[in-house]
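Please keep the sequence and the coordinates open while reading.

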Amino acid sequence: MMRNAIYSAFLLSLTVLFVLGGCKSDKKEQANWKRKGSDVIVRLDADPDGLNPVLSSTGYATIVCNQIFSYLLFIDPVTLQLVPQLAKSLPAVEEITSGPYAGGVAYTFEIHDEAVWDDGKPVTANDYIFTLKAALNPLVNAARYRSFLSFIKDIQVDPANPKKFTVLTNEKYILGEEAVATTLPVLPAHLYDPQGFLSAISYKDMADEAKIADMAAKDQRLKQFADAFQSPETMNNKARISGSGPYRLESWVQGQSVEVIKKDNYWGDKLADKFPALAAYPDKLVFKPIGNAATALAALKAEEIDVMADIDPKDFTDMKNDKLINDRYNLATPISLSSFFIYINTQNPKLNDKRVRQALAYAINVDEIINTLYFGLAERLSSPVLPSKDYRNTDLKEVPYDPAKAKELLKAAGWMDSNNNGTVDKMINGKLTELSVTYLISPQREISKNIALLMQDNARKAGIGIEIVSKEFPEIIASLKKRDYELSSGGRTVSPTLWDPMQSWHTQGDNRTGFGNASSDSLIEQLRITLDKTKRDAMYKQLQAIIYDEQPEVYLYAPSGRLAVHKRFETPATAMYPGFFANLIKLKD
Amino acid sequence: MLRYLIRRLLWFVPTLVVITIVTFGLSQRTPGDPVAVFLDNVGSLESDPAAYQRAYYEVAQSLGLDKPAFYFTLTTRAYPRDLYKEVNRDRRTCLRSLIAQYGNWPQIKNYYDGIAALETRLSAATEGQSATTARATVRLLYLQDEDPVIRINLDTIGNAIQADSVLKSQVFAAFDSLSKAYEQVTSQAGPAKHYLPALYWNGFDNQYHNWLKKVLVGNFGRSYANRQPVTDRLWVALRWTLVINGIAIVLAYLIAVPLGVYTAIHRGKRQDSWITTLLFMLHSLPVFWVATLLLIFFTTPEYGMDWFPTMGVGEPSSDASFFERLFIRVSHLALPVFCLTYGALAFIARQMRGSMTEALQQDFVRTARAKGLTQRQVIWKHAFRNALSPIITMLGSVLPAAIAGSVVIEVIFNIPGMGKLTVDAIYSKDWPVVYGVLILSAIVTMAGILLADILYALADPRVKLDKKQ
């Protein structure tokens, strides 16, 4: 019932189905192809940082781990809905009304009867519990997951069925199901903890932060487990890396390639018709780390790789007109889950009037940025919510480029060019202050410098001076954290499902602009526990309207994914990073 | 000779210690926080500052960053001796900056404690518009070191508290003492202390000592990036770098030395000017440009010359025959080896030509000719041996370069060698790997110089390494 309430409406705006390689290529084309067969070579930007899903933190590791391990639920590449993977179905969701977790939610899962580890042992609730315990062990370097898991207070296994269990949480949370089922894939307890160090410690104790911290200091088992679990073997050694996913690790030559091979009798094959998240087409996947973009592009032209994501916009535009590429590759531009914007320090005396911030939005020609620097491969934004989301507030229009309107707003806020130097000014605390602000960019990205130059040029026409300051990324983060900046370039990835504004918009979150007050805070707090879609959407729209009015960030664009896949394959292009699911790359008939 | 060798080897020790200290010192000054490397992608963590602090301390502790950096701290009287106990790098940076400006640690400490006190008060205060604003602002103070910015925030908090009478009754005292504490910081500045040096002894349980202890037994620790032992990663990378650079060096010498001798013999003739022009051209072609051109023209079918593989070192299947393996490796390594060779070749050949020309003008060459020796004997036995020293000197510097790898070539041709490893490690702040590379390079550089000295002696009997002999 509630599940329906949450998930029934996800599809609406995402019905545009990108399928690469829809049409058949002719025989003449095929004759030129160097690469044949179902093995897929995928380009990664860098080596994975180990293949232990609890310890590895990069996206590259996740791409490979997702082939070797499986989750209770996974995300559908096209609808971006949660779909069952290890679980037989989406969980039964029930609100807890009494007992110690009253006010929380209980999620009941059942794992497929067929699901087994490589040694034939069944995948059970115990393995799921073990995985969470491993991450909750304070001596294991997995702090990044603990706050996602902290609301899971207990897990009860059905005494009659070791594959059925109920996860008890102590609070309602819109992303609860996602946090419970997709934070970590399930690891085999008997392989990752052969001595059973954690088996005697109950989940309930592990979840009790004070208790477990105390135990970590006194109880040797947590230390022994952490040492064994964090030994290089569990991250790098082929013999120690094993999951219930369709592939097993065949070889990993650092800096050259990671190869995974489809298991001979993968248990999910029988179920893949009914459970698409279990499907796996290629017999072999090879992941090649190639750092240099020019090298990767040459390798693509030479057909040394089959799939490449995140291609530079300029290169991608050239590729569209390149016969060699078009004979061999299908190009796709799926939506991506990232947004770019300008952070504004709303506490800065020059920028604390919202009319000045609105003026800044009118003074930037975003369309020009998209067309000249992204070659049209980006969508405009008007709020933190991507256009593809059904909870976006469509009443909020993208701010057009209008220097005259910007000047008008500045004038209303008391900014005028009294000394005729081209930049508006105002008396602040008895001092004549020019509206000239610094804008932080990172030198690592060439494109951010060009964007900054365009902005500088645009803003000058509205009488706003922008001084570009280039700083290393860690230094930008430091400036943002202590809110000692004026403007800064910014970007963030957004959730494929629902938006939890807590982090960036709540005054107690990692709020970098100084946005918000008690009423926006309470709206956010309410929002993240409202499981009723209609009510929640209304709140989403209200919050977007407040943000739009305050303009603590000037929203620029969401770039599309830029993906090339060899023509002998077909696969859905997806908004999920990196733009494709390697296991779904299927040879055409 | 033996005694000389021993003395030189003993000198390695202090040199290495200095290098380790410099390396370690630099790492302390690099922007970016190694703890943050472990905590990134931590979306929701940052929404809970308390949880973030906790996670931060856990990671910092596991990396040993809660210890003092070195055996002693040499600083000014203005700094307290236990500043390292503030594990959070951002906060420590802020404190340092405040001390540098005002030099009065007791007042600054008092102010910093005041922030914590106010934060605690606020978290227990009655909810409301003002409490929210004050709470959101107060934690920024931990990081802010510039007077105008701090004052804006203090004003924001003050105004918020004034606007709410309930809140005022709860937290005004804490706020008042905080702003007074800040006034004291600015008004009672004690920059004089900055002129008095201070030396604090930290004992042996420090970051450098703990690291050095392990290095001495060959344990460079584990890579932050994938927890593998650093030595394993170095070894894997070193193999490819040695292969590629080794071939390139041998090739360069094999071609350059005869070429240099040839041009020296035919000095001033047409052959010489042609070859010299060609060598100058080769020498002045930037390697990244040539490599990129080769990549574009000779590794893709775009220009009809898809002759070489684009990247990597090739992966022969396990059942491939020796010749198949050889073919795969050679085809992959041909372009990178070419790029590494041509520049070195031009340089060595020019050096060889210069010193050979000089040797040929010496008296003993004329004597040899006068004795009626053949041209071959004169050149190779008499002149050549005397012309060798600059070439040997170069070998001393070529060796370390061969180990350190060529960053540009390895990145462009995607070869997992030392150069690429180093750059990747620096970008990802994988300090254990960077230290490992530096120590290894230092050792090899010293060994290279020593080797050159020994070769001098072998090539030229007049060189005496041991003065006392």
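## A buried arginine in chain A

Arg392(A) has a relative accessibility of 15% and therefore counts as buried, the cut-off for that class being under 20%. The model is a predicted one, and Arg392(A) is placed by it in the loop that runs between strand E15 (378-380) and helix H17 (403-412) of chain A. Leaving aside residues up to four places away in sequence, Arg392(A) touches Ser382(A), Val385(A), Leu386(A) and Pro387(A), and also Glu398(A), Lys541(A) and Gln544(A).

## An exposed asparagine in chain A

Asn321(A) is also a loop residue, found between helix H13 (313-320) and helix H14 (323-328) of chain A. Because its relative accessible area is 67%, and exposed means over 50%, Asn321(A) is classed as exposed.

## Chain A as a whole

The secondary structure of chain A consists of 22 helices and 24 strands. For its 589 residues a compact globule would have a radius of gyration near 25 Å, and the 26 Å found for chain A agrees with this. Along the principal axes, the C-alpha atoms of the chain fill a box of roughly 80 × 70 × 45 Å.

Of the 589 residues in chain A, 61% are buried, and among the contacts with a separation of 6 or more, 71% are between residues 24 or more positions apart. The accessible surface of chain A is about 22500 Å², with carbon and sulfur atoms contributing 51% of that area.

## Helix H9 of chain B

In chain B, helix H9 covers residues 207-216, and its buried residues are Gln207(B), Tyr208(B), His209(B), Trp211(B), Leu212(B) and Val215(B). An α-helix has 3.6 residues a turn, so residues three or four places apart point the same way. Among the elements that cover the buried residues of H9(B) are helix H1 (2-29) and helix H19 (431-459) of chain B.

Both ends of this helix show a local feature. At the start of H9(B), a side-chain oxygen of Asn206(B) comes to within 3.1 Å of the backbone nitrogen of Tyr208(B), while just after H9(B) the residue Gly218(B) adopts a positive phi of about 80°.

## Chain B as a whole

Chain B has 19 helices and 2 strands. Its radius of gyration is 32 Å, whereas a compact globule of 469 residues would have a value near 23 Å. The box filled by the C-alpha atoms of chain B, taken along the principal axes, is roughly 110 × 65 × 45 Å.

Buried residues amount to 47% of the 469 residues in chain B, and of the contacts between residues at least 6 apart in sequence, 71% join residues at least 24 apart. The accessible surface of chain B comes to about 23600 Å², and 64% of it belongs to carbon and sulfur atoms. The charges of chain B number 46 positive and 35 negative, and their mean positions lie 14 Å apart.

Notes. Residues are numbered from 1 along each chain as its sequence is written. Chains are lettered from A and ligands numbered from 1 in the order in which they are written. Side-chain values use heavy atoms; hydrogens and water are left out. Helices (H or I, at least four residues) and strands (E, at least two) are DSSP runs, numbered from the N terminus. The radius of gyration is taken over C-alpha atoms; the globule rule is 2.2 Å times the number of residues to the power 0.38. Buried means under 20% relative accessible area, exposed over 50%, partly exposed in between (1.4 Å probe, protein chains only). Contact means heavy atoms within 4.5 Å. Accessible areas come from the Shrake-Rupley method with a 1.4 Å probe; for residues, only the protein chains shown count as cover. A polar contact is a pair of N or O atoms within 3.5 Å; within protein, one must be able to donate a hydrogen and the other to accept it, and residues adjacent in sequence count only if both atoms are side-chain atoms. Lys and Arg count as positive and Asp and Glu as negative; His and the chain ends are not counted. The place of a charge is taken as NZ of Lys, CZ of Arg, CG of Asp or CD of Glu.
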